[in-house]
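Subject: Structure for you to look at

Hello,

Here is the structure I said I would pass on. Please open it beside this message and follow along; my notes come after it.

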Amino acid sequence: MRLAERGMPFVIALVAIAAGFGLSVGLDGYFVYLGMSAVVAGISLLGLGVVTGSAGMISLCQLTFGAVGAWVVSALNEAQAPGGFLTWLVLGGLAAGVVGVLVGLPALRLRGINLAVVTLGLAAAADLALVQLQFPGVSGGISVERPDAFSDDRSYFQLAVVVLVLCCLAVYFLRRGRWGSAWQAVAFSERGTAAAGTSVRTSKLTAFAVSATLGGISGGLLTGQVGLAFPASFTAIQSLALYVLAIMSGAHLIDMAVFGAVLWVGVPELLKRWGIPQDWGFVVFGVLGVQALASGGNLGTTVRQVWYRRSKKEPAKLDLAAGTAAIEPKAPGPPVLTVRGLSVSFGHVAALSSVDIAVPEHGVLGVIGPNGAGKSTLVDAISGFLPNAEGSVELGGKPLAGSPSNRARAGLRRTFQQDRVPPGLTVGAYLKFLARRRLTADEIGEALDFFGCPAARTPLSQVDVGARRLVEVVGHLLAKPRVLLLDEPAAGLPHEEHVAFGERLRQVPARFGVSVLLIEHDLDLVRSVCDTITVLDFGRVLASGPQAEVLADPAVLKAYMGETEML
Ligand SMILES: Nc1ncnc2c1ncn2[C@@H]1O[C@H](COP(=O)(O)OP(=O)(O)OP(=O)(O)O)[C@@H](O)[C@H]1O
C-alpha cells in the first residue's frame, strides 16, 4: 500500500506525459501551439503557487523572472554557448532563481500591500528596461535554436510537457518535504515557524527562489517556442493578471496550476473567436480574482473541501477516553532551565519585574496567576520573542540567547495560546516539521495515540481546535527538547478532558525525556500535574516552591483567589 502510494506521483506523471504525446499527435497544429503556451504558463503558475499559495506572500513580478530565463537562453543562444538549449534552459532557471532571492530580500521585512508595491514596481521597471535593451539576438534576428530532436512544434510540445511534468514532480516533493512544510508554516504564522526552530528568513527566500526558478524555466521554454523573445510577453500587467489567476484557481495545488494555465490560454482564445479584444481576458481574470479574494477561498480548496465534507462530515477530535499504560515518574532533579531577574516593560506597563524561575529536570513547573499577571510574557521572553527583555536565561547550565529559532534549536520549545498550527499540512507532516528529525511511522503513531490525537494522515484543516493544539504539543515533544513551555495547552479542550490530559502530561518527563513549564488557569489540572509552582501577580513572583506549600501560602490565597476561596 505504502509502495503504491509512493509510486502514485510517478504513475500520474507517466500518464500526463502519455496524454501530452497523445495531444501532440491528435491535435490540429494551431491547438498544439496553444497547448505549448498553456504548458509554459503552467510552469510559471506552478512557481507562483509556491510563493503565493504555499508561502502566503504576494509576488507581482513572476513574468520578470520569466524574462530573466528568456534573456539567459537568448544570450547563450546568440553566443552559441556549449550545452545546447536544455542546458541553457536550466541555466536560465537558475539565474532567475538568484534574482528571486534578491527580490525576496525585501519580503523579509515587507508584507501585504507593501510587498505588492515593491514586486509590481520591479515588474514595471523590468518592463521598461526590456523595451529599451531588447533581448539578445533580436536585433540580428538570431532565433533561439530548439534541440534537434524537438525542432518541430509537435515534438517541442512533447518536450514542454515533459519539462512541465518534471517541474510538477519537483514541486510535489518539495511541498512534502521540510521546505514545503516551512512555506505552509510561515504563511500561517511566522512566530509558530520560528518556535519550531525554522528560520522565517530562509523559508521565505527558498519560496521566492523556487518560484523564480520555475518562472525562469517557463520564460526560457517560451523563447524556444517563439524563437525570438519580446518584452510584450513579460509585461507588468500580465504578471498582475497571472497572480490573480493563481489566487483564483489555487495554484499551490498542482492540478489547479495546470487548470489555471488552460484558462490563461483558453479565455483569450475564446474571446478572440467571439470577436472580443483579447485584453478583456484580463478583465475576466480580475473579476474572478476579486471574487476569490472577497470569499477568502479559491477554486481548488473549495472543491476539495466539498469533497472532504461529503466523504467525512465531522472534524477529527481528540480521543482521550482510552487509558494509557502508566509509567513511573522520575524524581525531579536540579534545574534544567533557570531564569534570573527577567524584566519586560511595554511602555509604562511593567509586565515582568525581576522574575526568577527554575524548571527542574524531569519535572513539571506550573506557572499560575490571574489574567494579566505576565505569564504569556514570561514564555515570550524566555523563548526569545521579546529581544528587549532584561535578565538571564540558562538552559542546561549554558546561557540561552538569540532569536527564537536559535533557542528552539538549542533545546527550548514552546507552544502558543493562539492557534498557530498551519491548516495546509497533514498531522504527520506537521509533526515532522516540528520535530526537525527523522521520525518513524511507529514513533509518530505512538505519540499521537498517547495524546489521543487524530491519525497522521488527517489534514489539520479537518482537526478541531483542541486536538490541533495537542498535535502541536506532540510535535514539540518529538523534537526532544530539554524543556517545553506550554501556554495553556488545555484551553481548547472540553473541561472533562482536562483530567485525562493531565494524566498524560504528568508522564511527559519520564516518557519523552522533556521537562515542562506549564501555564494553566485550571487549578485542578495544575494540582494533578505540577511538582512545583510559581505564582505571578502583577509581573512579580508572589510565591514559588513545592505545590502544597505554594497553594497553602496565605499571600497566594489572598492575591490569587481571594481570601474566602479555597485553593
Ligand atoms: N504587546 C503588548 N503591548 C502592551 N502591553 C502588553 C503586551 N503584551 C502584554 N501586555 C500587558 O502585559 C501584562 C501581562 O500580560 P500577559 O499577556 O503576559 O498576561 P497573562 O498572565 O498571560 O494573562 P492571561 O492569563 O490573560 O493570558 C498585561 O498588563 C498586558 O496588558
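The shell around the ligand is made up of four nonpolar residues, six polar ones and one charged one. Please keep in mind throughout that the model is predicted. The residues in question are Phe 346, Val 349, Ala 351, Gly 369, Asn 371, Gly 372, Ala 373, Gly 374, Lys 375, Ser 376 and Thr 377. Two elements, strand E2 (349-360) and helix H14 (375-382), each provide at least two residues of this shell. Which of the elements gives the most to the shell? The answer is H14, with three residues.

H14 itself is mostly covered, with seven of its eight residues buried. Those buried residues are Lys 375, Thr 377, Leu 378, Val 379, Asp 380, Ala 381 and Ile 382. After H14 comes Gly 384, which has a positive phi near 90 degrees.

Next, the sheet that contains E2. Four strands form an open sheet in the order E2-E1-E4-E5, with antiparallel pairing. E2 and E5 are the edge strands and have a single partner strand each, so one side of each has no neighbour in the sheet. If pairing is new to you: strands of a sheet pair through backbone hydrogen bonds, either parallel or antiparallel.

- E1 and E2 run antiparallel and are joined by eight bridges. One place to look is Val 344, whose bridge partner in E2 is Leu 352.
- E1 (residues 335-346) and E4 (residues 390-395) also pair in the antiparallel sense, over five bridges. Here Leu 337 has Leu 395 in E4 as its bridge partner.
- E4 and E5 (residues 398-399) pair in the antiparallel sense over two bridges. Glu 394 has Pro 399 in E5 as its bridge partner.

E4 and E5 also form a hairpin, with two residues between the strands. In the turn, Gly 396 has a positive phi of about 60 degrees.

Now turn to strand E3 (residues 364-368). Why is E3 described as largely enclosed by the rest of the structure? Five of its five residues are buried, so the rest of the structure largely encloses it. Both faces are covered: Val 364, Gly 366 and Ile 368 are buried on one side, and Leu 365 and Val 367 are buried on the other.

E3 has parallel partners. Four bridges join E3 to the parallel strand E8 (residues 515-519), and the bridge partner of Leu 365 in E8 is Leu 517. E3 also pairs with strand E9 (residues 532-537) in the parallel sense, over four bridges. In that pairing, Val 367 stands opposite Thr 534 in E9.

Now the domains. The domain assignment gives domain 1 (2-238) and domain 2 (335-561). Their centres, taken over C-alpha atoms, are 42 Å apart. How many residues from each domain take part in the contact? Domain 1 contributes 17 residues and domain 2 contributes 20 residues. On the domain 1 side, helix H7 (178-188) and helix H8 (190-195) each supply at least two residues, and H7 gives the most, with seven residues. The residues of that side divide into seven nonpolar, seven polar and three charged.

There is also a database record to compare with. An unreviewed UniProt entry places the feature "transmembrane region" at several spans, including residues 30-48 and 55-73. In the model, residues 30-48 are 100% helix and 0% strand, with the end C-alpha atoms 27 Å apart. Residues 55-73 are 63% helix and 0% strand, and the end C-alpha atoms lie 28 Å apart.

Last, the chain as a whole. The chain has 22 helices and 10 strands, and its C-alpha trace spans about 90 × 50 × 45 Å along the principal axes. Of the 567 residues in the chain, 49% are buried. Among contacts with a separation of 6 or more, 76% involve residues 24 or more positions apart.

Regards

Methods. Residues are numbered from 1 along each chain as its sequence is written. This is a predicted model: local features need pLDDT of at least 70, side-chain atom pairs count only at pLDDT 80 or more; totals for chains, interfaces and linings use all residues. Two strands pair if DSSP finds at least two bridges between them. A residue is near a molecule or strand if its C-beta atom, placed from the backbone, lies within 6 Å of it. Ala, Val, Leu, Ile, Met, Phe, Trp, Tyr, Cys and Pro count as nonpolar, Asp, Glu, Lys and Arg as charged, and the others, Gly among them, as polar. A residue is buried if 20 or more other C-beta atoms lie within 10 Å of its own, exposed if 12 or fewer, and partly exposed in between; C-beta atoms are placed from the backbone. Domain bounds come from an automatic or database domain assignment. Two residues are in contact if their C-beta atoms, placed from the backbone, lie within 7 Å. UniProt positions are given in the numbering used here, feature names are shortened, and annotations may be inferred rather than shown by experiment.
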